[in-house]
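Trainee: Please take me closely through one part of this model. I would like to see how it packs against its partner, and then how the rest ties together.

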Amino acid sequence: MSISIQSIHKTFGAYTALDDISLEVPDGSLTALLGPSGSGKTTLLRIVAGLEMADPGSGRILFHGNDVSEVPAGKRGVGFVFQHYALFTHMTIAQNIAFGLDVMPHARRLKRAEIRERVSELLHLVRLDGLDKRRPHELSGGQRQRVALARALAIRPKVLLLDEPFGALDAQVRKELRRWLRQFHDEINLTTLFVTHDQEEALELADQVVVMRNARIEQTGTPQDIYDEPRTSFVYEFLGEVNKLPDGRYIRPHEIELRFAAEEGVDVTGRVSHLFVAGPFARVSVAPEHGRRGELEVWASRDQVEEMALASGDVIGLHFPPLKKLKS
Amino acid sequence: MHHRPATTESAPVRWLLIGLALLALSLFLLLPLLAVFVEAFRRGADVFFAALHTESALSAVRLTLIAAAISVPLNTVFGLAAAWTITKHRFRGRALLLSLIDLPFAVSPVIAGLVWVLLFGAKGWFGPWLAAHDIKIIFDLPGIILATVFVTFPFVARELIPLMEAQGSDQELAAVTLGANGWQMFWRVTLPNIKWGLLYGVLLCNARAMGEFGAVSVVSGHIRGKTNTLPLHIEVLYNEYQFSAAFACATLLGLLALVTLGLKTAVEQITHQRASRHH
Amino acid sequence: MSKHRVIPGFGLSLGFTLTYLSLIILIPLAALFLKAGGLGPAEWWRILSTPRVLAAAKLTFGASAAAAAVSAGVGLLVTWVLVRYRFPGRRLLDAMVDLPFALPTAVAGITLTSIYAPNGWIGHYLAGWGIQGAYSPFGVFIALTFIGFPFVVRTVQPVMEDLGVEFEEAAATLGAGRLTVFWRVILPALTPALVTGFTLAFARAIGEYGSVIFISGNLPMKTEILPLLIVSQLEQYKYREAAVIAAAMLLVSFALLFLINLLQRHLDWHKR
């Protein structure tokens with residue numbers, strides 16, 4: 001089911017959280033809302049869920065063409081996963097997952113046995129078989145996150161909304177869970193919108209990335225587009241390491257080519273101030289000569305650095321590919 | 001029309017609940033407070049001031065102040081020592097010590113008086129010895145002080161322990177690494193960090209010390225002009241059907257309560273502001 | 001456990017704490033139990049089995065439990081309103097909740113009596129409905145509720161303030177209505193604090209003296225509470241009777257508190 005967000009405004013007192021936001025989330029896609037804190041991404045997600053109301057008269061939220069702006073959160077059919085899981089601590093895992101089914105109106109409520117059946121299906125789906133009688137505090141962070149997901153899926157939501165789903169996990173678990181979520185999404189194929197401030201996460205996971213900043217959308221596109229063709233300097237700087245040249249142009253560390261100073265096609269010469277080799281990669285910091293301020297960061301292969309017999313203090317040449325100028 | 005957010009009630013429900021709570025609190029709290037002052041002035045300001053300006057009323061005020069002036073500092077020192085022991089150190093029996101400090105909360109004030117009578121009363125364990133040496137504890141000032149100390153025992157410690165527990169020992173450890181000795185650490189690091197909590201504990205301790213009735217009643221002997229504290233004096237007047245005089249004296253303690261609440265709110269505000277400034 | 005302590009003052013502060021605790025609390029209480037314990041079971045039975053003591057015990061524990069229960073209910077409502085809603089006068093109200101802590105019990109006693117007496121502000125309405133306010137077991141209950149209810153508010157309030165709104169949002173996105181959220185999500189999270197508040201109010205009520213003796217009327221067998229019975233034994237220099245009643249009362253309240261503590265642990269065990 002597609003989500004259509006049409007010119008949404010949201011203010012908190014004098015503070016503008018969302019400024020005329022419009023966005024299409026295609027059916028079955030996995031879309032990331034990416035931005036620094038305060039960019040409005042979580043507010044937008046909460047408005048889609050119905051946990052927050054857009055400013056009166058501002059715009060509409062459509063699910064599959066139907067206006068849901070006035071539909072309360074509990075009736076929108078959204079699955080919402082909270083950053084800190086928000087599992088009910090006084091209930092078992094099974095009771096947590098069954099909650100949405102238990103509180104349905106009598107007429108629509110499943111029979112007890114059917115609920116039990118569904119809960120064990122979901123536990124299997126999120127690979128937590130056999131943990132139904134445990135309590136949330138007995139589970140690891142990654143397991144709790146999957147319980148939260150199972151609980152959200154139990155009500156067969158039309159869309160899945162995830163607020164910083166991996167924000168509270170440590171680096172290793174984050175990576176595993178990220179891959180798992182991608183596979184999982186491909187299996188169930190549910191329209192999913194998730195919020196993150198981690199560019200790597202957004203680029204690796206999403207079909208569509210929406211970069212937000214200061215209550216506005218900066219750029220929308222595939223991860224490839226966003227990384228290769230940033231439209232603003234903010235997007236450039238936010239998506240990974242980048243060198244800003246004095247004339248306002250940008251260049252990523254891996255785009256700079258190392259050459260000997262006397263070689264042809266050298267745009268800048270400089271002195272190697274720091275050299276760090278790890279595995280097959282090398283990070284080279286170069287302080288440009290001729291009065292340029294600031295250092296340039298270059299990523300090269302270990303082979304090349306060894307071939308050139310590079311050492312700290314050497315003078316070296318840098319070659320830039322053709323560069324574009326960006327609006328700030 | 002825009003529907004309300006998912007986590008509040010509709011306006012009618014909200015106002016109904018607020019109304020019920022206001023009703024409960026005004027019937028329950030405001031009305032009694034109001035009654036103290038209305039009853040005190042029922043027969044006019046002259047009667048009110050006359051009741052306060054009797055020899056027995058003044059001596060009751062004096063005795064109340066003396067009892068508080070001795071027992072509050074004692075329990076303040078104890079509260080600091082106990083909180084220091086419990087929050088800055090780990091030792092066996094720590095949990096037991098913690099619950100023993102709370103013990104007086106579970107003991108009736110009457111029993112807090114009774115234990116001293118059993119020890120020092122005429123028929124008590126040390127009664128004959130005290131009589132032989134002409135020392136009076138029960139039905140005299142020492143007994144009143146002992147009873148007050150028992151009842152107000154946990155107040156300062158109870159306020160400080162959670163506060164110091166939450167603050168941890170990092171700053172004290174930093175002071176040690178910088179070469180501070182124990183007293184320097186206490187005066188320059190610990191005390192400034194807990195001063196508002198300490199003040200709050202002292203306020204509550206003082207309010208209870210000045211207002212204590214049951215424990216003091218058991219040990220005082222109700223000797224007018226000699227061993228009557230202010231709360232006991234109020235009882236005597238009330239039982240003699242001098243209602244206006246009783247309520248006139250009660251206004252003094254009512255004002256004490258209001259001042260305590262005012263200071264408490266002020267202290268909370270200060271600590272709240274400081275806490276939010278740190279974030 | 002290391003012998004060498006980094007933070008100094010352990011010996012001094014522990015020594016002072018233990019000495020002071022022993023002198024002020026432990027030795028006096030031990031004296032009470034020694035006095036009462038030395039009398040033997042037959043004597044205990046003789047003293048405690050009198051109808052007057054039993055009636056006072058029934059009133060004390062019964063009225064205390066009822067008052068603590070009502071405090072829990074009213075306290076929950078007041079806490080909810082103070083934490084969840086913003087309205088004019090809220091801060092004043094919040095400060096006022098502590099009044100029963102700060103107002104000396106004797107003052108509370110005489111004012112509550114004047115209000116609930118048959119000619120008092122509330123008492124005469126009650127009298128109109130045939131209810132006797134002051135000088136009845138109901139009066140005892142009123143005084144104990146007044147004393148107990150701030151305990152409930154002050155224990156539940158911090159827990160309710162910390163209760164993350166995301167639990168309610170999670171429940172709401174799963175389709176639960178407001179009442180369902182309250183019963184199934186909010187109330188269970190507050191129950192441990194409510195039980196603690198109930199326990200504190202209950203413990204305080206059992207021992208309460210000052211605010212009760214004015215409003216109760218002190219009729220033996222009808223409106224006499226245990227602490228008053230102890231005082232009247234003392235006034236007749238019946239130290240043994242006073243000590244036995246006091247010791248029994250303490251034992252029963254400790255046992256009750258211990259039981260509630262166990263229940264508390266059971267409720268709390270799934271919390272970190």
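Predicted model: local features only at pLDDT ≥ 70, side-chain atom pairs only at ≥ 80, totals over all residues.

Mentor: Start with the pairing of chain C and chain B. Here 84 residues of chain C are in contact with 92 residues of chain B, contact meaning heavy atoms within 4.5 Å. Residues are numbered from 1 along each chain as its sequence is written, while chains are lettered from A and ligands numbered from 1 in the order in which they are written.

Now the area. Chain C and chain B bury about 7600 Å² between them, and 81% of that comes from carbon and sulfur atoms. Buried area is the accessible area (1.4 Å probe) that two parts lose on being put together, summed over both. Look at I7(C), Y20(C) and W121(C): they supply 9% of the area that chain C buries against chain B, more than any other three residues.

Two salt bridges cross the interface of chain C and chain B. A salt bridge here is a side-chain nitrogen of Lys or Arg within 4 Å of a carboxyl oxygen of Asp or Glu. K264(B) and D98(C) form a salt bridge through their side chains, N to O at 2.4 Å. Side chains of opposite charge can pair when their charged atoms come close. Between chain C and chain B, 11 residue pairs are in polar contact, both residues at pLDDT 80 or more. A polar contact is a pair of N or O atoms within 3.5 Å; within protein, one must be able to donate a hydrogen and the other to accept it, and residues adjacent in sequence count only if both atoms are side-chain atoms.

Which element of chain C gives the largest share of the side that touches chain B? Helix α1 (residues 10-37) of chain C does, with 19 residues. Helices (H or I, at least four residues) and strands (E, at least two) are DSSP runs, numbered from the N terminus. By class, this side of chain C holds 65 nonpolar, 10 polar and nine charged residues. Ala, Val, Leu, Ile, Met, Phe, Trp, Tyr, Cys and Pro count as nonpolar, Asp, Glu, Lys and Arg as charged, and the others, Gly among them, as polar.

Step back to chain C as a whole. It has 13 helices and zero strands. Its C-alpha trace spans about 70 × 65 × 30 Å along the principal axes. Of its 272 residues, 57% count as buried. Buried means under 20% relative accessible area, exposed over 50%, partly exposed in between (1.4 Å probe, protein chains only). Among contacts in chain C between residues at least 6 apart in sequence, 75% join residues at least 24 apart.

One link within chain C is a salt bridge of R46(C) with E241(C), closest N and O atoms 3.3 Å apart. R46(C) sits in helix α2 (residues 40-48) of chain C and E241(C) in helix α13 (residues 239-268) of chain C, 195 residues apart. R46(C) is partly exposed, at 42% relative accessible area. E241(C), at 15%, counts as buried.

Back to chain B for a covered helix. In α12 (residues 230-239) of chain B, nine of the 10 residues are buried. Among them are H233(B), E235(B) and Y238(B). Just after α12(B), Y241(B) has a positive phi of about 65 degrees.

Finally, chain A. All chains together hold 38 salt bridges by this rule. R179(A) pairs with E204(A), closest N and O atoms 3.2 Å apart. That pair joins helix α5 (residues 171-188) of chain A, which holds R179(A), to helix α6 (residues 199-205) of chain A, which holds E204(A), 25 residues apart. R179(A) is partly exposed at 49%; E204(A) is partly exposed at 33%. Both belong to a salt-bridge network that also includes R174(A), R178(A), D198(A), E200(A) and E201(A).

A second bridge joins the side chains of R283(A) and E241(A), at 3.2 Å, N to O. R283(A) is in strand β15 (residues 281-288) of chain A and E241(A) in the loop between α8 (233-238) and β11 (243-244) of chain A, so the pair ties together parts 42 residues apart in sequence. R283(A) is partly exposed at 33% relative accessibility, and E241(A) is partly exposed at 36%.

Technical notes. Heavy atoms only, no water.
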